[in-house]
Amino acid sequence: MSTEKSDYMLLFRGTNWDKELSPEQLQQVVANWYAWFERLKQEGRCSGGHPLQGEGKLVSGKKGRTVADGPFAESKEAIGGYFYLHVEDEAEAVAIAQQCPGLDYGCVVEVRPVADMCGARSRGIELTGRDAVVAGVS
Amino acid sequence: MNPTKTDYLLLFRSDNWYDELPVEELRGVIEQNKAWFERLLAQGQAKAAQGLVRQGATVSQKRGSVTDGPFVESKEAIGGFLLLAADSFEEAMDVARSFPSLRYGTVVEVRPVAQECPSWVRLRELTEGPLASATV
């Protein structure tokens with residue numbers, strides 16, 4: 001590889017933006033979405049992704065004793081799926097996000113850089129000058 | 001690969017809880033998280049996991065509208081994810097409950113991965129009618 005690639009995650013927000021579409025519109029947007037995903041994979045810019053089912057649970061509190069029905073946010077903001085990208089920089093990731101076929105219908109795409117290591121571990125190194133974790137969990 | 005397993009996406013939501021911790025406590029929880037993750041890897045449950053930087057951009061409605069930063073306020077922002085292969089939803093929930101950083105306020109969202117895009121399922125129902133979809 002000539003240049004360093006970075007990993008980004010696209011989070012697709014909104015689980016009901018498609019509910020008002022006609023069957024023709026829905027067919028078009030779903031077909032475009034699949035074609036977009038396949039093209040990004042062929043170009044080596046996307047290594048995977050999944051749609052998520054609409055339901056889920058939220059686990060929190062000591063020993064995870066608190067369980068609530070999910071997903072986390074109301075349906076307009078809930079995460080409906082994701083792509084995992086390998087790109088040059090954030091501008092390229094944003095440009096890909098701007099091609100999302102759901103944007104015209106209200107889907108929102110969150111673009112997030114993947115961390116080399118988790119925030120806690122990164123702060124540990126800052127504080128102590130050495131890494132608590134030798135082999136890579138990130 | 002066990003074909004009976006289903007994928008679940010665990011989304012970790014929290015603020016920067018680690019900013020307030022003393023070094024020794026921080027080191028302890030990092031080691032616990034590492035051991036937790038390595039056990040899941042060794043058991044073949046974890047398929048992928050990454051932390052996310054608390055920056056980025058959000059692209060919305062009208063094409064070209066880009067704003068800086070994660071979508072929601074920092075307390076609820078997604079700080080990382082884990083793709084898990086589990087035999088059941090309950091098994092995925094057990095993994096979520098065992099996450100060491102829960103005691104610092106992290107919320108773990110457990111979401112089943114869809115075998116088929118839900119929009120596609122809805123389209124089939126619309127175009128094939130209830131009789132056809134009932135036979136699936």
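Biologist: In what order do the elements of chain B run from the N terminus on?

Modeller: The model is predicted. Chain B has three helices and six strands. Read from the N terminus on, its elements give β-α-β-β-β-β-α-β-α.

Biologist: What share of the contacts in chain B with a separation of 6 or more comes from residues 24 or more positions apart?

Modeller: Chain B has 136 residues, and buried ones make up 32% of them. Now take its contacts with a separation of 6 or more. Residues 24 or more positions apart account for a share of 72%.

Biologist: How far apart are the end C-alpha atoms of H1(B), and what should the helix span?

Modeller: H1 of chain B covers residues 23-42, which is 20 residues. At 1.5 Å a residue, the helix should span 28 Å. The model agrees, because the end C-alpha atoms are apart by 28 Å.

Biologist: Within what arc do the buried residues of H1(B) fall?

Modeller: B:Leu26, B:Val29, B:Ile30 and B:Asn33 are buried in this helix. An α-helix has 3.6 residues a turn, so residues three or four places apart point the same way. On the other side of H1(B), B:Glu24, B:Ala35 and B:Ala42 are exposed. Seen down the axis of H1(B), the buried residues line one face, because they fall within an arc of 105°.

Biologist: Which residue just after H1(B) takes a positive phi?

Modeller: Look just after H1(B). The phi there is about 75°. The residue is B:Gly44.

Biologist: Which element gives the most to the side of chain A that touches chain B?

Modeller: Across the interface, 53 residues of chain A are in contact with 57 residues of chain B. The elements that give two or more residues to this side of chain A include strand E1 (6-13), helix H1 (23-42) and helix H3 (119-128) of chain A. By class, the side has 28 nonpolar, 15 polar and 10 charged residues. The element that gives the most, with seven residues, is H3(A).

Biologist: Which residue in E6(B) stands opposite A:Lys57?

Modeller: E3(A) and strand E6 (residues 107-112) of chain B pair in the antiparallel sense over three bridges. A:Leu58 stands opposite B:Glu109 in E6(B). For A:Lys57, the residue opposite is B:Val110.

Biologist: Which strands stand at the edges of the open sheet, each with a single partner strand?

Modeller: Six strands form the sheet, with antiparallel pairing, in the order E4(A)-E3(A)-E6(B)-E1(B)-E5(B)-E2(B). Each edge strand has a single partner strand, so one side of each is left without a neighbour in the sheet. These are strand E4 (66-70) of chain A and strand E2 (46-51) of chain B.

Biologist: What is the average twist from one strand to the next in that sheet?

Modeller: The sheet is open and has six strands. From one strand to the next, the twist averages 20°.

Biologist: Which residue in the turn between E3(A) and E4(A) has a positive phi?

Modeller: E3(A) and E4(A) run antiparallel, joined by five bridges. In E4(A), A:Val67 is the bridge partner of A:Val59, and A:Gly70 is that of A:Gly56. The two strands form a hairpin with five residues between them. In the turn, a positive phi of about 80° belongs to A:Gly61.

Conventions:
Residues numbered from 1 in each chain as written. Chains lettered and ligands numbered in written order. Predicted model: local features only at pLDDT ≥ 70, side-chain atom pairs only at ≥ 80, totals over all residues. Contact = placed C-beta atoms within 7 Å. Helix = DSSP H or I, 4+ residues; strand = E, 2+ residues; numbered from the N terminus. Nonpolar A, V, L, I, M, F, W, Y, C, P; charged D, E, K, R; others polar. Pairing = 2+ DSSP bridges. Buried ≥ 20, exposed ≤ 12 C-beta atoms within 10 Å, placed from the backbone. Axes fitted to C-alpha atoms, helices over the stretch in contact; angles between N-to-C directions. Expected span 1.5 Å × (residues − 1). Arc of directions from axis to C-beta.
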